[in-house]
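Here is a short note to read beside the model. Keep the structure open and find each point as you go.

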Amino acid sequence: MAWNLLTGPFGLKPTSLYITYFGGDKNLGLKPDAETREIWREIGVQDSHIIPFGIRDNFWEMASTGPCGASTEIHYDLFSDRSNAGDRVNKGFPDLIELWNIVFIEFHRMDTDQLIKLPIRHIDTGMGFERLVAVLQGKLSNYDTDLFQPIISAIKNKTGVPPYGGRFTEASSSIGAELDWGYRILADHARMFTVALADGMFPDQNHRLRRVLRKAMLVSKDIFGCDCELLTELTYHVAESLSDIFPEVGNRLKQIQCIIAHEEELYHFLHHDALSKWLKIVERRPKLESLDMADIPGLVAGYQQLENILPPLSNDYASGTSLVLMSRVRAIIVNGTLTQNVVAGTNCALILESTNLYSEAGGQMGDTGHLIFSSGVKMSIECVENFRGYILHKGTINGNADDSVSVDEIATIEIDAVNRLNRMRNHTATHLVNASLHSLLTVTCQKSSKVTHTDLVFDFSLYGQSPPDIMKLENMVQQVIKNSAPVKIHNLTSTQLLQTKNVTLVPGEVYPEDNIKLVEVISNILTSREPCCGTHVYNTSDLVKFSVVNLHSIAAGIRSLQAVTGSAADQTINKGVVTNKRLEELSLIVRKHLAEDIENKEKAKYINKHISNFEQDLKNRENLLPYIVRVCCLEDLTCLKKELKEGMRGSLRDSLKTEMLEVMDSFSKNKEEFIVHFLSCSSHMATVPLQKATNICSNVPVLLIAISEGLVKARCCVPKHNVSEHFNAESWMQTILPIFQATGGPPRGQNPHITYNMKGKKIPDNEIQELLNKSLKSATDFAVTHFKH
């Protein structure tokens, strides 16, 4: 069939085709594949064009162990005028290429290198599509064909660099081959990652895909001088080339480009941050120096994690849904040892003949419950674990000192029905959350999930997008609950699963060949289809209520969402109502204070304390509240604090002005010549604007002292016409500086004889009054003695 296709419809000359077959291997005891050689002769291939090769070239193996077998290959000579090029086959010459490989899978290689015959044998065959296109179009390279040229042209048009020249070695051009190498890397990688992303792969779930993307980003920057947008541009051309055959490439182009933009942003951040950290790691591990940080900037975080964590274990056990089941004890384990009998008070693990208890899997926590034995002895099941396919029921035997449990006893298994129902509710809600996120976001994928009887936690990727509108998400889920959509479960094979449309798969998850449980919810709001081994409710109305209680960042581009259902959601929603009422009451108190009692500083402190306590309650994620209520209340509290602060500032400014006007009035009535004054309103201020105070009496010699939170400041101003040799701002201020052991100076660029300030000095509370009295007397005495008109 291979020969007929190549020499028939594709029109290749038989004299340009060369055949290789397996020539045997003495070490493995394998004889030459004479049967294959004779078949090629019968087809009409000349003996000079049928060439034997050893195990390296004509024995195909998938891995170091597993299925394998002899192969026969078809090679093509690009120079059709040569009479015989058999000596160039499998020698690495670019003008004689392999087109087709046919493998006879008849052995299985064991760990011992021994080959055993397979009971069922088959043929594995493959043809090089790009190579065949190059041959048919008369090109020497795949990159010269119409498969790659549109992408290569797009790179030139976008970057403005010299055109692709088909160079493969430095010697081929004085300019060098690096530019053409870059063209080939970008064209090849752009096609690969565009198709992979269209097929539902995610870079953060597949390190090979991420490395291909980052290699393309590095080439784009270093060779073509483009920091961004080039890869996105190339996806349009890949889609134009492939959409007729792979329509999903065109249909998912927006999602593809969203992921690429996110990966570029992440790459630039890691690239700049990783180098210094990597050098420190290399100091400890010099052998790592050969790794290319520019190619794999995420290696730093990965290596650090590998040093500190171990991979978690997983299991795939799914239990039944019956709340009560009779079962026989098959094994008893105490401290890792099998035993035939166990007495009351002992902590142990039982393996039963069958069980209706669910062990942890798929993010859902295991069941709890009880075992009731025919003797009346009970065992509280604290957790259920899957260990290598054995379901371990762990707990403590309850009873009197002489009570015991033995192998082969019959037990009634009772599930904790309330907790089971709550887990079922939360697990179904998890699927609805996932479907809602796919509806609200351009592209997202599940990172992990955790389902307990109290809540659900769902971690997901954002890929450079803003977090979802939680109010919309809540409304979508609530509407599906109100619509009473049935929750259907279908058992599928892996083939049926792949043929089912709009199925949400967990990236990187390996699914079995058959008995895959597909959980489906279809409503007019959204459709959810996910393979799942967990337990679920029968109808979305069983969820009763749904409320998102938290949403926070756990890593770059990853958010964690927490939600509750059932009675927990009902309680949470009611707490939200109480919280909103608490906010309303506090808002009224603040507004009343600002309108009627703004001078009361103690009350302002009391209100501020209540606001701070309220904020702490809202920021505590263990205090379950509707997320929308939490966010809105925090925003409103920030506004309340600002209003209170601004109101207090206005009040203090008014107090300062009022006090200074009273001082000026006394100054006029008593026909005084100067002012020495302590600003009593300053004790209520966080910062004291002394310049504003002295501006009110700008034509009068004035020395003001202020005390705020134990910090003493002073300002002295003497009008120019009052300055004399013996009386000026500097000399006047010098009378109080020693008392406070403080320093001073004029404002920048001003005359010290006209304006002089004392720098703030922290004074103990028990000394302030005495020092204040001394300073006021000293300043007054100096002015009485030295001031003259």
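1. In which strand is the place of glycine 760? Glycine 760 sits in β27, residues 755–762. Strands here are DSSP runs of E, at least two residues long, and helices are runs of H or I, at least four residues long, both numbered from the N terminus. This is a predicted model, where local features need pLDDT of at least 70, side-chain atom pairs count only at pLDDT 80 or more, and totals for chains, interfaces and linings use all residues. Residues are numbered from 1 along each chain as its sequence is written, and side-chain values use heavy atoms, with hydrogens and water left out.

2. Stay with glycine 760. Its relative accessibility is 42%, so glycine 760 counts as partly exposed. (Buried is under 20% relative accessible area, exposed is over 50%, and partly exposed lies in between, with a 1.4 Å probe and protein chains only.) Leaving out residues up to four places away in sequence, glycine 760 touches Leu711, Val712 and Lys713. Contact means heavy atoms within 4.5 Å. Glycine 744 is 16 residues apart from glycine 760 along the chain, and their C-alpha atoms are separated by 8.8 Å.

3. Now the open sheet. Strands of a sheet pair through backbone hydrogen bonds, either parallel or antiparallel. Here four strands run in the order β16-β17-β22-β21, with antiparallel pairing. Two strands count as paired if DSSP finds at least two bridges between them. From one strand to the next, the twist averages 15°.

4. Look at one pair in that sheet. β16 and β17 (residues 456–461) run antiparallel and are joined by five bridges. Serine 448 stands opposite aspartate 459 of β17. Helix α12 (residues 417–440) packs on the sheet, touching β16, β17, β21 and β22 (558–565). The direction of α12 makes about 20° with that of β17. Axes are lines fitted to C-alpha atoms, for helices over the stretch in contact, and angles run from 0 to 180 degrees between N-to-C directions. Helix α15 (residues 566–596) lies across β21 and β22, at about 100° to β22.

5. Next, two hairpins. β11 (residues 369–373) and β12 (residues 378–387) pair antiparallel over four bridges. Four residues lie between them, and glycine 376 in the turn has a positive phi of about 95°. β12 is also joined to β13 (residues 390–398), antiparallel, by nine bridges. That hairpin has two residues between its strands, and arginine 388 in the turn has a positive phi of about 55°. Serine 380 of β12 stands opposite histidine 370, and in β13 its bridge partner is threonine 396.

6. Then a helix pair. The axes of α6 (residues 178–198) and α8 (residues 230–242) come within 9 Å and cross at roughly 75°. That makes α6 roughly perpendicular to α8. (Under 35 degrees is roughly parallel, over 145 roughly antiparallel, 65 to 115 roughly perpendicular, and the rest oblique.) The contact includes Phe193 of α6 and Leu234 of α8.

7. Last, the cysteines. At 14% relative accessibility, cysteine 717 counts as buried. Cysteine 226, at 13%, counts as buried too.
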